[in-house]
Amino acid sequence: NANTSSQYQRTFWMPGKPQGTKVYYYFAVQDSLGTEVTTLPRGGGGLNPPGTIPPSSLFYYEVLRDNQNCSSTVPKQINDFQTTRDTIVSNYPGYVALAKVNLTINHTNDGDLLLRLSKQGAGSCDLSIRNGQGGQNYTNTTFYDGATLPITQMPPPFTGEYRPQTPLNIFINQPVSGNWVLSVLDSASSNQGTLVNWCMIFQVKSSVGIQEEGTPVKYALSQNYPNPFNSSTRISYSIPKSGDVSLKIYDLLGREVRTLINEYQNAGNYIAMFNAGDMASGVYLYELKTVGFREIKRMVLLK
């Protein structure tokens, strides 16, 4: 729906959609005589109503999914001159669109502590390095890149949302599944503490596009990697023309066991994440299907 707010500006309202939905759209306008039409993105056509012929590429937005994973192996003691590590193992499918860390640490001097989040293959983020000298405790503290208050400039006790010392956006577009490790180093003596609890909080998108120059010249479905795999694997594919795309998983009897992608996608290169944490070991088939193209490959799940 459109609402004219000035001579040169229109406000468009889009209907709400469930989490995990990707919505594609374009704009079309025709002149008052009904003889010319223009679209954004360019390339569409059709009159009365305008835009009945869509452009080859579309705008889109995705309604992100929410996911929270909390440690089941805390509390843990924080000892002098030692690093305490705790791991959250996630099996959730999809890719990180936004990441937050929420934690509670009891300690008599926050200035002794170095807090770091890491994920193998994705790098690490320093949440807090010796901040809050002389103060006590991180209590229900959330590290978030969009927070107003920087952890480096605020006094303890730390409660609420803070920007971490280095950005969490290093994890954007990384798979949610995998091992997320929180490390707490106590760099001084005589004041031990406790890692009481911590959680990873994500907004998740279903797939990521690979940024490359130009548009693919042909359809392609790559072998999943790794293969064989244990729980999680990536599937890469290319589509040279925009259209409806489905990527589905089947067992050897031809029964559909998972739908990874079922949506309109612009031409480009894509990666989809398949998490099989709830499935039995064995051989499975994955099928990419779009207008004028269909290909099937095998994958092996070993647990």
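Colleague: Leaving aside its neighbours within four places in sequence, which residues is Leu127 in contact with?

Modeller: Happy to start there, keeping in mind that this is a predicted model. Leu127 is one of the members of the largest nonpolar core that touch the most other members. Once neighbours within four places in sequence are set aside, the contacts of Leu127 are Val101, Leu103, Leu115, Arg116, Leu117, Phe143, Ile151, Pro164, Gln165, Leu168 and Leu182.

Colleague: Which elements give two or more residues to this core?

Modeller: The core in question has 30 residues, with Leu103, Leu127 and Trp198 touching the most other members. The elements that each give it two or more residues are strands E10 (95-106), E11, E12 (123-129), E13 (138-144), E14 (158-162), E15 and E16.

Colleague: Which cysteines does the disulfide join?

Modeller: The structure holds one disulfide. Its sulfur atoms are 2.0 Å apart, and the link is between Cys70 and Cys199.

Colleague: How many residues apart in sequence are the parts that this pair ties together?

Modeller: Cys70 lies in strand E7 (residues 65-70), while Cys199 belongs to strand E16 (residues 193-205). The pair therefore ties together parts whose separation in sequence is 129 residues.

Colleague: Is Cys199 buried or exposed?

Modeller: A residue counts as buried when its relative accessible area is under 20%. For Cys199 the relative accessibility is 11%, so Cys199 is buried.

Colleague: What is the nearest cysteine sulfur to Cys125, and how far away is it?

Modeller: Cys125 is buried, with a relative accessible area of 0%. Cys125 takes part in no disulfide. The nearest cysteine sulfur belongs to Cys199, at a distance of 17 Å.

Colleague: Which residues lie nearest the centre of the largest pocket?

Modeller: This pocket holds about 490 Å³ of space. Strands E9 (83-90), E11 (113-119), E15 (178-186) and E19 (232-239) each supply at least two residues of its lining. Of the 23 lining residues, those nearest the centre are Lys119, Gln120, Ser177, Gly178 and Asn179.

Colleague: How many polar residues does the lining of the largest pocket have?

Modeller: The lining is made up of 23 residues. By class, seven of them are nonpolar and two are charged, while the polar residues number 14.

Technical notes. Residues numbered from 1 in each chain as written. Predicted model: local features only at pLDDT ≥ 70, side-chain atom pairs only at ≥ 80, totals over all residues. Heavy atoms only, no water. Disulfide = S-S within 2.5 Å. Helix = DSSP H or I, 4+ residues; strand = E, 2+ residues; numbered from the N terminus. Buried < 20%, exposed > 50% of the residue type's maximum accessible area, 1.4 Å probe, protein only. 1 Å grid on protein atoms, 1.4 Å probe; cavity = no way out; pocket = protein on both sides within 12 Å on 5 of 7 lines; lining within 4 Å. Points joined across faces, edges and corners; volume = space filled by probe spheres on them. Nonpolar A, V, L, I, M, F, W, Y, C, P; charged D, E, K, R; others polar. Core = buried A, V, L, I, M, F, W, Y, C linked by side-chain atoms within 4.5 Å. Contact = heavy atoms within 4.5 Å.
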